[in-house]
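Dear colleague,

I am handing over the structure below, and I would be grateful if you could look through it alongside the notes that follow.

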Amino acid sequence: MKYLFGNWKLYLGHTESVTLAQGIAKLSVPSEVQVAVFPPAVSIPSVAWALQGTSVALGAQHCDWAPQGAYTGAVSAAILKEVGCRYALIGHSERRHIFGETDAMVRKELEVCLEAGITPVLCIGETKEDKENEKREYRLKKQLFTALSEVNLNGGKIMIAYEPVWAIGSGEPCLPADVDDVHGWIQLEVKQYGLTDIPVLYGGSVTPLNVVSYGTLPTVAGVLVGSASTNVEGLSALATGLHSVSSV
Ligand code: PGA
């Protein structure tokens, strides 16, 4: 089984998201590929409606740590669960770098998701500067430590998405051999937090043309795809690519 997660970011308007979901609902998604789509929060209920009766799951691109009450503008994990989200991206690079989310905020978001019964997809990744200064491991270690030390899974599970910041939206994906190394390292690293067999997805400029080179790696549980997942043809081609290697 491989995961194909489509992060629609803020690429689509509401009607466009619903139209895309209706198109996806007509695809015959292979059972060996778990597809989930992550629309803008306000479109989640309508997309859920369009995907009813399909195997395609729903996720949120972000979840605020605020539980309930006087938190103007916030969207809680409980609400996301109520409208049908199975997953939530936590600490995506754009949330960290554009909206100023800190490792400590990411930790709280992860906790509220677990409490609400949502599987958090913890996004981690080094910047170009980190990479050039050989600080990749340092950055990932720090992100993992703050998010996962003494974490209480509440009977739920966690997924991780390794998304090098420099690879996101750049057309310059991380080489499969490097992804393989980093994913192997992540599996070892999370053991100290009592976590084993955590699905680790790769994200950053994944397209239908290169998806097989990642999907074929045993260390890669699936892919988190941005722009290439925002049209039916792209999503369908990605699912077909992963299907061809899903027995690996
Ligand atoms: P990209 O985005 O596929 O457009 O590079 C991936 C992501 O940010 O999740």
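**The ligand and its shell**

The residues of the shell around the ligand divide into three nonpolar, seven polar and two charged. This is a predicted model, and the ligand in it is surrounded by Asn7, Lys9, His92, Glu163, Ile168, Gly169, Gly204, Ser205, Leu224, Val225, Gly226 and Ser227. As for the site itself, the ligand sits in the second largest pocket.

On the backbone side, an N or O atom of glycine 169 lies 2.7 Å from a ligand oxygen, and a polar backbone atom of serine 227 is 3.1 Å from an oxygen atom of the ligand. The ligand taken alone exposes 280 Å², of which the protein buries 98%.

Is glutamate 163 buried or exposed? Its relative accessibility is 6%, and because buried means under 20%, glutamate 163 counts as buried. Glutamate 163 and valine 225, which both belong to the residues surrounding the ligand, are separated by 62 residues in sequence, while their C-alpha atoms are 10.0 Å apart in space.

Notes: Residues numbered from 1 in each chain as written. Predicted model: local features only at pLDDT ≥ 70, side-chain atom pairs only at ≥ 80, totals over all residues. Heavy atoms only, no water. Near = heavy atom within 4 Å. Polar contact = N/O pair within 3.5 Å; in protein donor to acceptor, adjacent residues only side chain to side chain. Areas by Shrake-Rupley, 256 points an atom, 1.4 Å probe, with all protein chains shown as cover. 1 Å grid on protein atoms, 1.4 Å probe; cavity = no way out; pocket = protein on both sides within 12 Å on 5 of 7 lines; lining within 4 Å. Sits in = over half its atoms within 2 Å of the grid points. Nonpolar A, V, L, I, M, F, W, Y, C, P; charged D, E, K, R; others polar. Buried < 20%, exposed > 50% of the residue type's maximum accessible area, 1.4 Å probe, protein only.
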